[in-house]
Amino acid sequence: MANVIIDECNVNSVHLIGRVISDVTLSQTNEKKIPVLNFKLLTKEFIGSTKKVVTQVHRIVCWNQLAESVAERIKRNMTVEVFGQITNRKYRTQDAESGEPVIVALSEIKAFRVTPFKGRIR
């Protein structure tokens with residue numbers, strides 16, 4: 001068995017496969033007019049022998065040329081594979097609400113044409 005040196009293995013990397021469940025929204029940042037794209041991705045995990053389904057929704061964001069490219073190719077209800085990093089972005093609304101949601105900062109995406117599954121998972 002190989003020795004693992006923890007200090008050299010700190011990696012922030014995310015790989016998800018799921019379904020786009022929101023409109024893919026391309027906009028621009030207020031100050032520098034940088035293209036930014038947001039969408040939500042639904043993933044499912046089947047746990048244990050009972051195959052209990054746990055779903056999660058992930059907020060995906062990307063900027064610049066990648067945002068423009070994704071906006072042209074990705075639509076709601078598509079199955080996609082995303083690669084990126086987990087990040088937190090602090091925000092404050094006009095109503096003084098604030099938060100720090102977990103976001104996946106997209107670095108690469110692949111789209112699939114998938115026929116809807118109509119059977120049961122055993």
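**Starting at Thr87**

Tutor: Let's begin with Thr87, which counts as buried at 18% relative accessibility. Keep in mind that this is a predicted model.

Student: Where does Thr87 lie?
Tutor: Thr87 lies in strand 5.

Student: And which residues does Thr87 touch?
Tutor: Leaving out residues up to four places away in sequence, Thr87 touches Pro101, Val102, Ile103 and Ala105.

Student: Okay, zooming out. What does the secondary structure of the chain come to?
Tutor: There is 1 helix along with 8 strands. Reading from the N terminus, the order is β-β-β-β-α-β-β-β-β.

Student: How do strand 3 and strand 4 pair?
Tutor: They pair in the antiparallel sense, over 12 bridges. One of the pairs is Leu41 with His58, the latter in strand 4. The two strands form a hairpin with 4 residues between them, and Gly48 takes a positive phi near 70° there.

Student: What about strand 2 and strand 3?
Tutor: Those run antiparallel too, joined by 4 bridges. Leu26 has Leu37 of strand 3 as its bridge partner. This is a hairpin as well, with 6 residues between the strands, and Lys33 in the turn has a positive phi of about 55°.

Student: And how many bridges for strand 1 and strand 3?
Tutor: They pair over 2 bridges, in the antiparallel sense. Val20 is partnered there with Leu41 in strand 3.

Student: Leu41 again! Which residues touch the most other members of the largest nonpolar core?
Tutor: Leu41 is among them, together with Phe39, Val70, Val82 and Ile109, in a core of 17 residues. Strand 1, strand 3, strand 4, helix 1, strand 5 and strand 8 each give two or more residues to this core.

Student: What does Ile109 touch?
Tutor: Not counting residues up to four places away in sequence, Ile109 touches Phe39, Val70, Arg73, Ile74, Val80, Glu81 and Val82.

Student: Changing topic: how many salt bridges does the count come to?
Tutor: The count comes to 1 salt bridge. Asp23 forms it with Arg76, and the closest N and O atoms are 3.6 Å apart. Asp23 lies in the loop between strand 1 and strand 2, while Arg76 lies in the loop between helix 1 and strand 5, so the pair ties together parts that are 53 residues apart in sequence.

Student: Is Arg76 buried or partly exposed?
Tutor: Arg76 is partly exposed, at a relative accessible area of 45%.

Student: I'm also curious about backbone angles. What is the phi of Asn77?
Tutor: The phi of Asn77 is near 75°, which is positive although the residue is not glycine. Most residues other than glycine have a negative phi. Asn77 sits in the loop between helix 1 and strand 5, and counts as partly exposed at 48% relative accessibility.

Student: And Asn64, what is its phi?
Tutor: Asn64 has a positive phi as well, near 60°. Asn64 lies in helix 1 and is partly exposed, with 43% relative accessibility.

Student: Last bit, the whole chain. What share of the residues is buried?
Tutor: Of the 122 residues, 25% are buried. The accessible surface of the chain comes to about 9,600 Å², and carbon and sulfur atoms account for 48% of that.

Student: And what share of the contacts joins residues at least 24 apart?
Tutor: That share is 54%, taken among contacts between residues at least 6 apart in sequence.

Notes. Residues are numbered from 1 along each chain as its sequence is written. This is a predicted model: local features need pLDDT of at least 70, side-chain atom pairs count only at pLDDT 80 or more; totals for chains, interfaces and linings use all residues. Side-chain values use heavy atoms; hydrogens and water are left out. A salt bridge is a side-chain nitrogen of Lys or Arg within 4 Å of a carboxyl oxygen of Asp or Glu. Buried means under 20% relative accessible area, exposed over 50%, partly exposed in between (1.4 Å probe, protein chains only). Contact means heavy atoms within 4.5 Å. Accessible areas come from the Shrake-Rupley method with a 1.4 Å probe; for residues, only the protein chains shown count as cover. A nonpolar core is a set of buried Ala, Val, Leu, Ile, Met, Phe, Trp, Tyr and Cys residues joined through side-chain atoms within 4.5 Å. Two strands pair if DSSP finds at least two bridges between them.
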